[in-house]
Amino acid sequence: MSDYKKAPEGLEVARTLDAKGLSCPMPLLRTKKEIGKINSGEILEVLGTDPGSRNDIPGWCARAGHEYLGEIEDEGFIRFYIKKK
Amino acid sequence: MSESIMNEKIKNFFKILCQTEWNATVSGIIVALLSILIMAWWRPWGAVGAVRNWGEWILYGIGIFSHKPGGVLFSSGSVIGVGFLAGAFVSACLGNDFSFKFPPPWELVKAVIAGILMGIGAAFAGGCNVGGMYNAIGNLAANGFTMWLGLVIGVILGLKYIYWEMEHITWGTSGGKNIDFPYALKIILGIAAFAAVIWGGYHYAGMNDAYKASLSGILLISAGLGYTMQRGRWCMVQAFREPHMTGDCTLAKSVALSILIVAIGCAVLKYAVPQRGSAVAVQSVLMDAVGDLDPEEIKDPDLADTVEDVVDASEQAVVVARRVLDPVNYVRGTFGWGGVLGGFLFGLGAMFAGGCGTGTLWRVGEGQIKLWLVVPFFGISNAIMVHWFKAIHMEGVGPTHVGSKLGKHIYLPDVLGYGGTIALIVFAMVAWYIIVDWNEESNKLIVEM
C-alpha cells in the first residue's frame, strides 16, 4: 500500500471536492466535472473513501494529461491532489 | 541479517497476496480458472441465484410468498453468494479496504432504483452479468450474446443519465461518511472469516446428504472468486462502461480473455469424451457386470424384459458419463428480445448501482452501504419477476425452454459444432478486444460529458 504516491504536505488548493461515501464511478466523474471549474496550473483536492479511486484517479490523470500529485491519508478518508494541465 | 531478509520477504509476500490491487489480467485468468473448477466440481456459478434466494426469504418473511424458500446455507445458489461475500470480506479486511462507507442520501435513492432494474433485467435475460452473460457465453449458450448486446446499450444510456444527473440533481449529493476500524481489528476479522469458510467447507463435506456434502467445494471456490474479484477490483460493469467514459480498456480486455478461457474450459467439460475416467469406470463396472446377460436365453418373459432394460440403461449410463457437465447447464431460452431487454435493464441498473451482480456483492463485502441497499431490492424484484414468469411460462417449459416467449434456447455446439462454437467465441472476444483497444487510442466511442 505504500506503493501509492504520497503528496507533499501544505499544497495550496484552488478547490476541494467532497466525494466521501461515493462509490465507483461517481468519484471519478465528479472529479472530471470539478476540474473544469479551476484554471490551468491550479490544484484540485478530492476527498474520497472508495478504495478504487487510488488507481482510478492517477490512471485518469495520466490519460487526460493532468499532473497527479499524490494522496495523503487522513482520518477515515484519503485526500487526492491533481494539478490541472 | 538473513532473518531480517526473511521477515522482509514474508512481509512482501503478504503485501502481494493481501494488500496490493491485483493486475486485471491476472485476476481475469484466476476468475476464469475458478469458474471452470466450480463447473467441474458441480455446476456453473452466478450471483443472482443467491440474491434471489435472499429476496425470497424477505418476501416469505413479510407474508407475500407462502412457500418456504430453500435454506440460505443449504441451496447451492445461495451458498455461492455466501462464499463469495465471505471471500470478498476476507480480502477487504486483510487489504485494509473494509470500512462502513455511508453514501450521500441521493445515492441511496439510486440504490433502490438500481436494485429493482437489475432484478427485472436479470429475469428477462435469464441471469445477471455472470449467469446471463459471462458464464452463458462461457457455457456456449447463444443467449449470452444477446445479453452482452443489451448490456452495452444499457451501460451507455446509464452513463448519459449520470452525466445528466450531475448537471441537474443537487439534492443529497454530498455528506457521505466513513466509519473506519483499526487495521489490527480488520486483520483479526479477516482471519476469523477465513477460518469460518474453511470450517464451513469441512462441515459440509462431513454431511451424509449428497447434496449438502457437495456444497463444500461450492463454498470454497466461491470464496476464492469473491477474494480474487475484490483484490483485483474486477468489475464487469466497469469493463462495459470505461471504454465509453475514460477510454480505459484494461478491464474490457481482461473480461474478454476471461470469457474465452471459460468457454474453452466448459467445452472440455461438456464434450462427450469416450475415454473420460467416469465413462471408463461405468463401462468397466456396469457393462462388464451386465454385458454377459443375454435376454434371449431367459425363459421368463417379464424377467427377460427387465434384463433388457438394465442392459439398455447401462449403455446409456456410459454415454452420460462421458460428459463432466450436462450441456443444458446455463443455456436459457432468452436468445432474442428477452436477452437484449434484460441486458439493457440490467446494464442501466448496474450504472445506477455502480456495480454489476458480482461487483455489487464484493462491494458489499468491503462495507459499501449503498450496495447493501441494492441487494435486497435486487433480490425482491428478481424473485417476484421469476415467480411471475414461471406462472405464465414466460421462458417456456422444461430444461430446453420449449415455447419460451423471451427468445430461443440455443446450445451453440448443436448448431455450429464445438469447433465452430469456439471459433465464434474467439472471433467475438478478439473483435471486442481490438475495438476497445482501438478506442483507447482514438477515443471514438467515448460519450462526452
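Which residue of chain B forms a salt bridge with Arg63(A)? In this predicted model, the partner is Glu440(B). The closest N and O atoms of the pair are 3.1 Å apart. Between chain A and chain B, the count is 3 salt bridges.

H1(A) gives the most, with 6 residues. By class, this side of chain A has 11 nonpolar, 7 polar and 9 charged residues.

Now take the interface as a whole. Chain A brings 27 residues to the contact, and chain B brings 42 residues. The size of an interface is often given as the accessible area lost when the parts come together. For chain A and chain B, the buried area is about 2,600 Å². Carbon and sulfur atoms give 55% of that area.

One residue of chain B deserves a look of its own. Asp97(B) sits in the loop between helix H4 (76-94) and strand S1 (100-102) of chain B. Its relative accessibility is 14%, so Asp97(B) counts as buried, the cut-off being under 20%. What does its side chain pair with in a polar contact of 3.1 Å? The side chain of Arg231(B) is the partner. Beyond its neighbours within four places in sequence, Asp97(B) also reaches across to chain A, where it is in contact with Pro51(A). Its contacts within chain B include Ala92(B), Gln230(B), Arg233(B) and Glu366(B).

Note on methods
Residues numbered from 1 in each chain as written. Chains lettered and ligands numbered in written order. Predicted model: local features only at pLDDT ≥ 70, side-chain atom pairs only at ≥ 80, totals over all residues. Heavy atoms only, no water. Contact = heavy atoms within 4.5 Å. Buried area = accessible area lost by both parts, 1.4 Å probe. Salt bridge = Lys/Arg side-chain N within 4 Å of Asp/Glu carboxyl O. Helix = DSSP H or I, 4+ residues; strand = E, 2+ residues; numbered from the N terminus. Nonpolar A, V, L, I, M, F, W, Y, C, P; charged D, E, K, R; others polar. Buried < 20%, exposed > 50% of the residue type's maximum accessible area, 1.4 Å probe, protein only. Polar contact = N/O pair within 3.5 Å; in protein donor to acceptor, adjacent residues only side chain to side chain.
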